[in-house]
Each structure stands twice: as C-alpha cells, then as structure tokens.
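Here is a walk through a structure of several chains. Keep the sequence and the coordinates open side by side, and follow one chain at a time.

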Amino acid sequence: MLTLILRQAALRALAAVPTLVVVTACTYVMLFAIGDPAAVVAGESATPQQVAQVRHSLGLDRPVIAQYLDWLGNAVRGDFGASLHNRGTVLDLIGQYLPPTLLLSFLALTAAVLASVLMGSAVGSRPGGPVDRGLGAVAVLGIAVPNFLVGYVLILVFSLWFRWFPAGGYRDPAEVGWATALQFLTLPAASLALGLMCVQMRTFRASLIKEYEGDYVRTARMKGVSPGGVFFRHVARNAAAPWVTVIGLEVGVLITGALLVESVFAIPGIGTLTLEAVQGQDFPVVQALVALCALVILAANLVTDLIALWLNPASRGLS
Amino acid sequence: MTEVVATGRPRSTGILAGLGVTRALALGFVLVCLAVAVAVPFLPLGEPNRQHLGDTLASYSAEHLLGTDQLGRDLLARLLWGTRTSLFAALTAIAVATAVGLPFGMLAGYRRGWVEAATGRVADVILTVPALVLLLTVHAALRSGITGQMVTLGVVFAPRIYRVVRTETVKVATLPYLMAGRMSGCSHTRILLRYLLPGIRAQSLVQVSYLLGLSLLIEAGISFLGVGVESPNASLGTMLSGAAAMLASAPRVVLIPAAVLSLLILSLNVIGDIESKGERRG
Amino acid sequence: MADAQAVLRVTGLTVELDRQGGSTPLVTDVSFAIGRGEMVGMVGESGSGKSLTASAVAGVLPRGVRPAGGAIEVDGAVDGGATGPATRRAARRGVAMVFQNPMTSLNPSMRVGDQVAEAIRLRRPGTSRREARRAAVEALDRVEITRPAERARQYPFEFSGGMRQRVMIAIAIAGEPSVLVADEPTTALDVTVQRGVMDLLDRLRLDLGLAVLFVSHDLALVGERCDRLLVMYAGELVESGVTADVLRRPSHPYVRALQQCTPEHALAVGALRPLPGRVPQAGEVRSGCRFTPRCALRTEECERDHPALETRGSGHLVRCHHARGSEE
C-alpha cells in the first residue's frame, strides 16, 4: 500500500513538471518580452540609446527562448537572479520576507482545519438542528465577506473598541518572544482563517451527512457499535477524503488571502514583497514569486490528493 | 440518515431550507444594484471626486446623506459610482470569460477526443496560479488599466466556465433527444445552438452568477491593493483602500462600502447556490 | 411450528414514522414466531412494510422511524414495553442482519477482516485484537471464502458482489446470534451467484440452529427454501402458514393475485396477469380492509370493516372476509 502511494506520488509529481514549466514560461514571456525590464533599470529619464545599452548589458536582446532557458537552468539550481533595484538576490529577498507569511498561513490553516473538523462533526452528525442552521448561516456569510474586510471588522472590534490586540504590524518571535508575536498575529490569522474554515466546515458537514446515509453505517449499528464508534471508526475516515481535497484546493485562496490580509495589517511578508515588486516592476522578483506560488499550489494539491488516496482504498485501484 | 421512502420528498437540511425566499431576496438586491449602476449618471448626485477639504469626515446631513470621506468627498455619490464601476468591471470579466469558455466548453464536451484533451490541459495550467497573483503579474508587465485587468480576469475565469459547460454538455450530449437530432440530419452547428445550448443553460447561469461574485471580489482586491481602478476614481475596492486609518475616527467610511460589497457577493453566491460548488474564490 | 420453543417471538409490533404534528404508522400489529433452525419467509410488494419489520427486529430502523408498540423476544430476553436496558441489549445481541445491497453494506475504507473482527470483539469484549483477527479468518473460511487469511487483509472493493455478501454473512454470524434476519440478501446478485449464497444460508441455519427471517419479494424463491410464509400487505400481515399450505391453497385474494403475476404461473396458464393498482401510501387510512381497492372480491363489508387475522386450518392465518367463502 505504501509503495502504491509512493508510486502515485512520483507519477503525479512528474505530471506537474510540464505545468510548472508552462506557467513559468508564460510569465517569463509576459514580463521580459512584453514588459520592458531595460526601461525600468535605465530609469524614466533615459534616452533610447541608454535603454538599448542596458538591454544589451543585461542580455535582454537575445531571443526570449534562450533567456527563459537560462532562467530555468539557474532556477533549478536555486538561482533566481537579482533584483532590478539593487535589493540583492531574489532568493535572499524571498528568504527575508517569507517567515511572517509562513507563520501567518500556518496559524490560519491550522485554526481553520481544527475548527472545521470540530464544527463539521458537531453539525454533520445531527443535521437540521438549530446549531446546524446557525452555523450554516455563519458559513454562508463567512464565505461571502472578503477576508480583508473581515480584517477591518476585527480591527474595529478587538483592537479599537476592546483594545485586546494591536491593530497591525509584525514582531519577530525570535526577538520579542512568542507571546507578543502571537498577539500581533492573532487578528490577521483569524481574518484569513474565517473564510477557509467556513468552506471546509461545509464540505466536512456535507460529506458526513452523505456518509451517515451509507449502508455500512447500518451494518455497524447491527454489529452493536456505539454511536461514538460509528463516528470515529467508520464514518469520519470516509468523510475526510473530500474534505482533505478541498483543503488542497483552498491553498490558492490562502495565498490570495495572505496577500490582502498582509496589506491590511501591514505585515512585511511575501504579499508585501509581491506588491512592492509589482509596483516597482522588479521583474526577476515577480517571476520568482509566481514560480514559487505555482510550486506551492501544485505541491499542496499533490499532498492532499495522496492523503485522500490513503483514506480511500477503493480509489487506489485506479491509477 | 435516510428518510423513509414513504415520506416522499426528503426533508432539506441546513439554511437552504427556505431557499425560495432567500434566493428571491438575493436576486432582488442584485437587480437593484444593477439598476442603480445604470442610472447613476442621471441621478441628482454630487460630483464623486470633488474634494471639500474643509468638510472632511462629516457625518450624515441633508447635503451629504452618508456624510463625507477623509477628503471631504460625498460618500453616497462615491458609493453609487463605485458600485457602478465595480459591477461594470465584473461584468466585463464575465462577458470575456463566457465568450471564451462557453464555445470551447461546448466543443470539448461535444467532440471529446483531442479537442477536449488540449483545451482541458490549457485550462489546468491557467487554474494553477490564483487569479489575483496573475493579475498582479500582468499589471507589473503591462501597467494595464482596470479594463485591461478585467479582460485578463475574464481569460483567467474562462476555464471555470469551460469546465462547467463541458461537464454539462457531456451529460446532455448522451441524451436521446440529441441522438434524434443527429439522426434527423441536423448540422453540428444547429445541434450545438438549438439542442445543446438550452440544455446547459441552467447550470451555466449558476456558475456565471457565482463567478460574478468572484469578479467583484477580485476587482475589490486589486483596487484595494492599488493596481486596479486608479484613484481618485471610486470603486468598491478603492473606497476600502487605506481604510485602516479611518476605522478609529469614522468607521462608517469603511463599513458602508464593505457592507455593499459583501451583500452583493453574498447575494450572487446565494443565487449561484454555492452548496453545489466544490471550489470558489482565488 | 413449535411455538413453545420459539427463538424469536414478535408480538403486536407496530412501527411509526415521526412527523411534525403526529406520526404515521408504517407497520401495524405484526406478530409471528420462529423456532430454532427454522427459515420463515416474509413476502410482499415494495412498501408493504416487510423490510421495516425486519429492521425493527434487528434494531436498525432508519432515523425518524421508531417502534411504537409490541415486543420482540429473543431467547427469552424481551425488547419492548418496560424492559430494562440490559435485557434489551441481550435481545438486540441475539439478532444479526444481512442487508440487500452487498456493494454498499461494507465500510469501503476498512479491511474486510477487521470488519469481521470488530463484530467478534463487540460480542466478546475481552478478546484480544490478535485473537479476534484469527477468529475473523475462521469466520471467512466458514462462509466459503477461499484463501481467507489473504482475503481478510483486502478491502471491500477487491471483492465481487457475491463475495461481499458472504463477508456480510460472516459479520452477521460472528456475533453468534440465534436469529438471522436476511433482507433480500440475493436480490442485488447475479442469478448464478444467488444459489450459492442461498445454499450457504441454508447450511448455516442447520449447522448453527439459526432462526432465519428471510425477507423477499420472490415468491418462487421463498416457496423453494422456507418452512413457513408470512405475507405482508400495507404494513400488516394478511396471511401466514406452512409454505405448502399458503402456496397451494392461498386464501387471501392478494396472495392469489401475487401468484398469478409470477412467470411460472404465466407459463402454466399462458398469460401473465399483473396485479392492478398499487400499494397504498403510508398514512393513507381506510376503515375497511386495506386491500379493498385492488380486490376482485370486494363487497360492502370489505369497505366497512377491517378484517381480523383468523385461523383457517392448523397454523394457517388469513385476514380476509371472504377467506371462508372462497374455500373450494
């Protein structure tokens, strides 16, 4: 069984490579062939001659395919080039801005997953009750309200009215300790988690309801399995597969959300870096960030697909 | 658990039980917003971009029904013009997405084979990168305005429409009435337009409604980040940009456009019945 | 029938569907008994309440449906009325059930052996995991699954329909029941596989002395396999008795009509006579005989009075005003 899953992992990872290449190639053409990095480097007051000179010195007058292949070759070895604005290598920049985003995403995802399991189980085992209706309404609302607006509301209530949490900013846990750092991260993580939680809760609830209708639940009851045993030993595992898949699909939403939430709370993370790079037309940075984003999403989908595969033995037969 | 067969229709569960009323309300709200969006230029409103620096953050008054913002601009005028800008932007994206996604989806679902394989692969690639990240990239390279951004968004959303249309087409294409059409000698074009299109309309409209909400969200997102609608022009997104500073002194300036935006997205989700969707924003 | 030594005794069983503002009876006042090693068939159209009766006996009624009256006695332990939870559990434990659809009745993500072992450990709480696993393999062997040790480690999707039904039977007998309820156990199977499963059930009943309640809509199959028959219509028993009596001398017009719509009868007579009309919906109350609208013999009396279940010869019960009159 393990070998089967590993083989699937290898196969799917291999299938993701062309997607990654196509995505980065399209981005590269967009940025370096249609956009004009030389003009950015030379500055707005540069003469056409100066721009041409910069273009030549940066190797941007070569065919775009050659340029891309160079980029790809270097990227595979971990070299994503340097910022156009003398901010150092792209890799250093990303390394510098990554920790807040990782921390924020990890907190939000963990909170969303835990909350969705708890609430999903609570209402999925007994659908139709008042708690179910209440949470259902909250979920519809939580999905509709954009997370940066949730951020504003949280700031208004918990920061300005109650003064429990700071309204923005970020502190490095290594410098100020976890207690303070978490205080700064609570509101942004909550605004990011709410939407994710609502989607995951609904998925888990729906698939629990569906599983409870399964004939095998009746078999378990016939055997004399207790209600708790029916949930933990039989239903929960089967209900988890679609829910895990949705978590994978939600990673794109998580990235988008992190970008906006970082902006609301002034957190110096990848979202902030992306925005700076976009506004400053720092093409190598943008290119690397898109590649990173695609890589993270493909990897997340791969991992969740494999977990779903492990949870659902029947799908293992098909490859 | 299973209802007993004898009870007939299964009892619906959760908040969608009263969907009839909820949906009607949602549809009503969207229609009102659309009507306002069209009628704004003819309404007796102040100039949305005119600043009154002596009259900033004024509260509700007869002159400014919703008060003024941090630059003394009339909030009601900005709200209505902003709704117009946002809705039109979102509609642009949806029009492009439908124009691209619908024909490819029908073709892929009808002909299957390599057409489906090729278009499906392109769709997969486009769906790998979140829409917002893609729009930021395009903005970095091209510095395109909001219209360009929304056309791009349309292309990015096309695979979503494509997928729904393809799935529905495959379902419908195997139904006997389509076979009957083929046997009676209809051309492929006629089959696609007269037989298939009506069959897939319902599901496609559901997806369109849902994507319209998503487009509003993305427009708000990029305008909020300052790479969409350009200030000083109002959109539901730009009105929220840099709003954190106003939360303390005049939360209304933030909360009113936020509420309108959220209600619009909520209504469109309700119409699009998100219950049946596995995926959503992003 | 040896009523005194009955293993399963159902008395006045009534099952209701809970609804807002009241409840609808789905099964009314059903009584029967089954002795050791006896196989009793329960037949009727869909909606006649036969599956619900079976589910009630096994204690697995769907949500919203509950037993509203009567008692189920298994090996002397009574479930129903004012019995305590301990006796109720004892009664429950004495009954196992095999369901109609073997494709969905097993947990898809649990190894087959573990599903059997779970039943064993629930029956004998002290059993170690290892011991239960070994016993599960034995159980699989007993239901004639080849290479049981290897098969026990597989998942349900690796089994065919017939094999899954055998696993289901293994799970059922693993609980060491004295009563086995089989709800259309072969309906979803290929005809070629049906016989094998039926033979297995037959053998197990004799080996283990099981009292079997066999629910089916297949009159021919039931006639071939069962000692006695119970015929259900619209939630109540309309005729019961020794198989040969009921099939050779059917007294209720419904049973006669049922016989006339079997292919065997059609071949003999040269015409298939379908039964007109449909089973009444749950909650469709009528004061008289429930079969009246579809009955060829209906009279004013049928419209007015609900007939009682009356004896007609030894152990032959019929619910019809015309039962006596129709005797040839």
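Chain B has nine helices and zero strands. Read from the N terminus, its elements run α-α-α-α-α-α-α-α-α. The chain counts 282 residues, and 47% of them are buried. Now look at how far apart in sequence its contacts reach. Take the contacts in chain B between residues at least 6 apart in sequence: 68% of these join residues at least 24 apart.

Keep in mind that this is a predicted model. Its scores are ipTM 0.86 and pTM 0.82. For chain C the mean pLDDT is 85, and 93% of the residues of that chain reach 70 or more. Where pLDDT is low, the predicted coordinates should not be read in detail.

Turn next to the contact between chains A and B. Chain A gives 52 residues to it, and chain B gives 43 residues. On the side of chain B that touches chain A, the elements giving two or more residues are α3 (113-128), α4 (131-142), α7 (188-225), α8 (244-249) and α9 (251-271) of chain B. Which of them gives the largest share of that side? It is α4(B), with nine residues. Sorted by class, the side of chain B that touches chain A holds 28 nonpolar, eleven polar and four charged residues.

Cross over to chain A and find helix α6, residues 130-144. This helix of chain A has 15 residues. From its first C-alpha to its last it reaches 21 Å, close to the 21 Å expected at 1.5 Å a residue. Several of its residues are buried. The buried residues of α6(A) include A:Asp132, A:Leu135, A:Gly136 and A:Ala139. Further along α6(A), the buried ones include A:Val140, A:Gly142, A:Ile143 and A:Ala144. What do the buried residues of α6(A) pack against? Within chain A, they pack against α5 (90-124) and α9 (178-212). They also pack against α9 of chain B.

Chain A has a contact with chain C as well. Here 18 residues come from chain A and 21 residues from chain C. Two elements give two or more residues to the side of chain A that touches chain C: α10 (215-223) and α11 (227-249) of chain A. The largest share of that side, seven residues, comes from α10(A). By class, the side of chain A that touches chain C has six nonpolar, seven polar and five charged residues.

Now go into chain C and its strands. Eight strands form an open sheet with mixed pairing, in the order β6-β7-β8-β3-β9-β10-β12-β11 (chain C). At the edges stand β6 (95-98) and β11 (310-311) of chain C, each with a single partner strand, so one side of each has no neighbour in the sheet. Start at the β11(C) edge. Two bridges join β11(C) to strand β12 (residues 317-318) of chain C, and the two run antiparallel. The bridge partner of C:Thr311 in β12(C) is C:Leu317. At the β6 end, helix α6 (residues 161-174) of chain C lies across β6 and β7 (179-183) of chain C. That helix of chain C runs at about 175° to β6(C).

Other strand pairs of chain C deserve a look. Strand β1 (residues 6-19) and strand β4 (residues 65-74) of chain C pair in the antiparallel sense over eight bridges. C:Val15 stands opposite C:Pro67 in β4(C). β4(C) also pairs with strand β5 (residues 77-79) of chain C, antiparallel, over three bridges. There, C:Val74 stands opposite C:Ala77 in β5(C). The hairpin of β4(C) and β5(C) has two residues between the strands, and C:Asp75 takes a positive phi near 50° in it.

Finish with the backbone of two loops. C:Glu184 is found in the loop between β7 and α7 (191-208) of chain C. Its phi is near 45°, a positive value in a residue other than glycine. Is C:Glu184 buried or exposed? C:Glu184 is buried, because 20 other C-beta atoms lie within 10 Å. C:Ala234 lies in the loop between β9 (228-233) and β10 (236-242) of chain C. C:Ala234 is not a glycine, yet its phi is positive, about 50°. With 23 other C-beta atoms within 10 Å, C:Ala234 is buried.

How values were computed
Residues are numbered from 1 along each chain as its sequence is written. Chains are lettered from A and ligands numbered from 1 in the order in which they are written. This is a predicted model: local features need pLDDT of at least 70, side-chain atom pairs count only at pLDDT 80 or more; totals for chains, interfaces and linings use all residues. Two residues are in contact if their C-beta atoms, placed from the backbone, lie within 7 Å. Helices (H or I, at least four residues) and strands (E, at least two) are DSSP runs, numbered from the N terminus. Ala, Val, Leu, Ile, Met, Phe, Trp, Tyr, Cys and Pro count as nonpolar, Asp, Glu, Lys and Arg as charged, and the others, Gly among them, as polar. The expected span of a helix is 1.5 Å times one less than its number of residues. A residue is buried if 20 or more other C-beta atoms lie within 10 Å of its own, exposed if 12 or fewer, and partly exposed in between; C-beta atoms are placed from the backbone. pLDDT is the predictor's confidence in each residue, from 0 to 100. Two strands pair if DSSP finds at least two bridges between them. Axes are lines fitted to C-alpha atoms, for helices over the stretch in contact, and angles run from 0 to 180 degrees between N-to-C directions.
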